[in-house]
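Reader: I want to learn how to read domains and contacts in a model like this. Please show me.

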Amino acid sequence: MTKEKLMKFGLASFMTLSLAACGTTDDAEDTDTSSEETTEETDTSSDEAVTLNVAALTSGYGEEMWNEIETAYESANENVDIELTLAANLEEVIRPNMQAGDYPDVVLLSVSREEALTETLIKEDGLENLTDVLDMNVYGEDVKVSEKLLPGFTDTMVTNPYGNDETYLMPMFYSPTGLFYNSGLFEEKGWEAPTTWDEMMALGETAMEDDKYLFTYPTSGYLDTLVGSMLYASGGSDFFESAMSYEEGAWASDEATKVFETIGDLSQYAHPDTTANANPNDFTQNQQLLLDNETLFMPNGTWIVGEMEEAPRADGFEWDMMAVPAFEDDADRYAFTFFEQIWVPSEAQNIDAAKEFVTYMYADEAVDIFAESNAIQPVEGSTDLLTGQNEKFYAIYDEGVLPAMGGFAATDPVPGVSISDELYGKVDSVMSGDVSVEEWQNSVIEASDQLRPALQ
Amino acid sequence: MNRKKRERLFIMACLSPAVILFLIFMVWPTFEVFRMSLYRWGGFSNTQTFVGLENFKILWNDSNFYRSFQNTILLIVVVTVVTLAVAIFFANILIREKLKGKNFFRVIFYIPNILSIVVIAGIFSAIYRPSQGLLNNTLSLINLENLHQLWLGDQKIVIYSLIAALIWQAIGYYMVMYMSSIASIPESFYEAAALVGANKWVQFKDITLPLLWNNLRTTLTFFIISTINLSFLLVQTMTGGGPDGSSQVFLFYMYNQAYTNSTYGYGMAIGVVVFLFSFILSAVLMKVTKRDVLEF
């Protein structure tokens with residue numbers, strides 16, 4: 001080694017050592033500070049300083065509320081430093097890290113999304129059991145989570161995906177869904193919002209005479225809440241559960257047939273452009289059909305108002321929402337309650353701190369912060385925070401309409417079989433006449449038969 | 001250390017970064033695709049169950065896979081044949097003919113190639129829209145309302161709508177490649193041919209095409225690879241595989257199975273079939289198009 005090389009090596013070693021020394025000093029200081037914080041903070045259950053990685057989907061509610069939650073929780077619980085990951089394409093952001101073993105501690109990401117990350121973790125037993133969270137006190141309050149939550153929200157197949165009483169996903173922001181329409185147009189024409197399917201089809205005929213169509217949907221995936229409400233209306237909650245858990249004969253029953261046939265009848269009154277626009281690029285064109293008074297009804301959620309806020313519309317347009325019509329006069333009508341979910345991966349580093357953070361989601365302070373962005377938590381009294389149009393939408397259950405909730409039971413992954421492709425995706429083919437109602441029902445029965453042995 | 005040995009060491013040192021990167025980013029992932037195709041795995045858990053060729057057996061009976069395979073083959077064949085013919089035709093005109101605004105056309109043809117596929121999906125969605133779309137409205141303008149179609153809504157048409165977008169996107173790139181080959185053919189060949197009375201078509205058939213052949217063979221492989229890749233992106237952004245899965249291509253189906261359906265191992269089995277298919281197809285095309293290389 002030449003003298004020059006030796007000098008370079010020496011210099012490099014010295015610099016590396018100095019940097020390492022700096023690092024050690026910083027670490028030591030950090031530890032000191034955190035131990036001070038720990039001694040000061042005695043009222044928390046976890047007494048060690050933790051960095052909690054929270055990943056949340058940025059949806060129509062925006063990012064601001066999560067930043068406020070971060071600040072509020074950090075000042076309420078000084079032991080916790082929150083690192084937020086917010087993205088509209090959250091799956092694409094967190095999936096590679098998760099596959100490399102780096103899991104977030106808390107994730108707000110619903111089931112029924114295109115990428116199905118949450119479903120994958122359910123199928124792979126990758127979620128932490130959160131049943132004990134229900135018995136924990138809401139962070140900073142002297143009340144249990146279960147006492148604060150609205151009844152029914154943790155008894156669904158979505159929150160308890162394995163069909164027992166164990167809760168793995170906690171409910172978040174809920175919103176009623178239904179059939180959206182322009183009440184301004186109904187007023188102008190003197191039409192009544194139909195209460196039964198017979199009235200609905202009769203209105204379809206009347207609308208046709210006026211060069212309007214009765215029905216459209218943004219994409220076939222939006223039919224999940226419509227079909228869910230119809231299954232409830234057709235056979236009640238027990239029937240809904242049996243269909244969702246692939247019970248033998250459920251999808252071939254008279255109750256199911258009634259739902260398939262009604263949607264088949266509806267296809268005669270669907271706007272002809274629907275299937276051409278029902279794709280990721282053009283689905284707003286289908287929503288626009290309502291704003292332009294070309295179509296009367298569309299299944300959707302309360303977020304539609306914000307989503308189409310900038311879109312041009314017919315004079316006198318006013319959003320309104322009705323429950324899914326009943327099959328007979330005076331029969332029960334349902335409006336499916338859509339809600340998001342928050343969960344903790346079982347591979348998370350700070351499970352206790354994560355559960356504590358989940359309880360905070362139902363604290364009055366957090367509920368207020370969320371409500372400012374129109375994200376309504378399923379807790380007692382949260383609807384009092386509603387204003388304007390949202391107040392009207394959430395009042396749907398005050399008018400005798402029953403809430404419907406739930407989703408498909410978890411199964412082990414079955415290659416090549418997707419119940420939602422068969423049940424919702426095939427509606428495109430029913431609408432265009434490529435597939436008959438009977439063929440559609442048979443394909444759902446076949447998929448259900450294939451998934452039944454894989455139930456978890 | 002003798003000179004030869006030192007030279008060899010130097011060459012190895014120079015090659016090693018590329019070889020290491022190739023091994024890490026190409027060979028290893030490919031090996032992993034083949035390995036994972038033999039497992040049942042959702043993508044996250046530590047429970048990877050070895051199932052042998054079970055995934056391939058399921059694939060053998062999966063009608064959705066066959067549909068996506070058919071769509072992909074149709075795309076590859078039609079996009080390749082049409083793009084090739086149109087690109088050679090325009091390349092020949094732009095180089096061989098005295099045309100005003102040659103450079104202008106060259107740029108116009110090339111522009112689609114610099115656009116992202118998402119932008120192309122946006123443009124073609126606007127063209128294909130049923131009521132306000134450019135295509136249906138243009139047909140109305142020339143009194144051809146009876147030709148109105150739901151370009152993305154009709155299951156029999158949607159795949160051809162995708163084909164048109166892919167051809168539009170690809171022409172410029174291949175045209176430029178062919179132009180460079182045609183431009184390097186000595187002018188004297190054409191002059192001599194003209195002197196013996198050969199017309200344009202004979203000149204093209206007997207001079208341009210044989211001398212372009214090698215370039216053309218290379219682009220055939222490009223056609224296969226780029227059509228398979230770009231069709232996935234276009235389907236993902238423009239139709240989402242719909243209506244009712246009628247525009248699915250096999251990479252889209254693979255992605256759906258690996259992620260949306262939580263069957264990662266099955267997705268990788270589809271990946272193996274895609275890999276072997278594109279490899280074998282390229283090899284067969286190379287073999288059947290082999291000619292003696294003509295030099296000038």
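Reader: Into which domains is chain A divided?

Author: Domain bounds come from an automatic or database domain assignment. Here, domain 1 of chain A covers 50-174 + 338-385, and domain 2 covers 176-337 + 406-454. Their C-alpha centres lie 29 Å apart. This is a predicted model: local features need pLDDT of at least 70, side-chain atom pairs count only at pLDDT 80 or more, and totals for chains, interfaces and linings use all residues. Residues are numbered from 1 along each chain as its sequence is written, while chains are lettered from A and ligands numbered from 1 in the order in which they are written.

Reader: How many residues of domain 1 of chain A are in contact with domain 2 of chain A?

Author: Contact means that two C-beta atoms, placed from the backbone, lie within 7 Å. By that test, 14 residues of domain 1 of chain A meet 19 residues of domain 2 of chain A. On the domain 1 side, helix H4 (117-123) and strand S8 (334-343) of chain A each give two or more residues. Helices (H or I, at least four residues) and strands (E, at least two) are DSSP runs, numbered from the N terminus.

Reader: How many residues does each chain bring to the contact between chain A and chain B?

Author: Chain B brings 34 residues and chain A brings 32. Helices H2 (54-60), H5 (117-128), H9 (200-239) and H10 (250-260) of chain B each supply two or more.

Reader: What confidence does the predictor give the complex?

Author: The complex has an ipTM of 0.85 and a pTM of 0.84.
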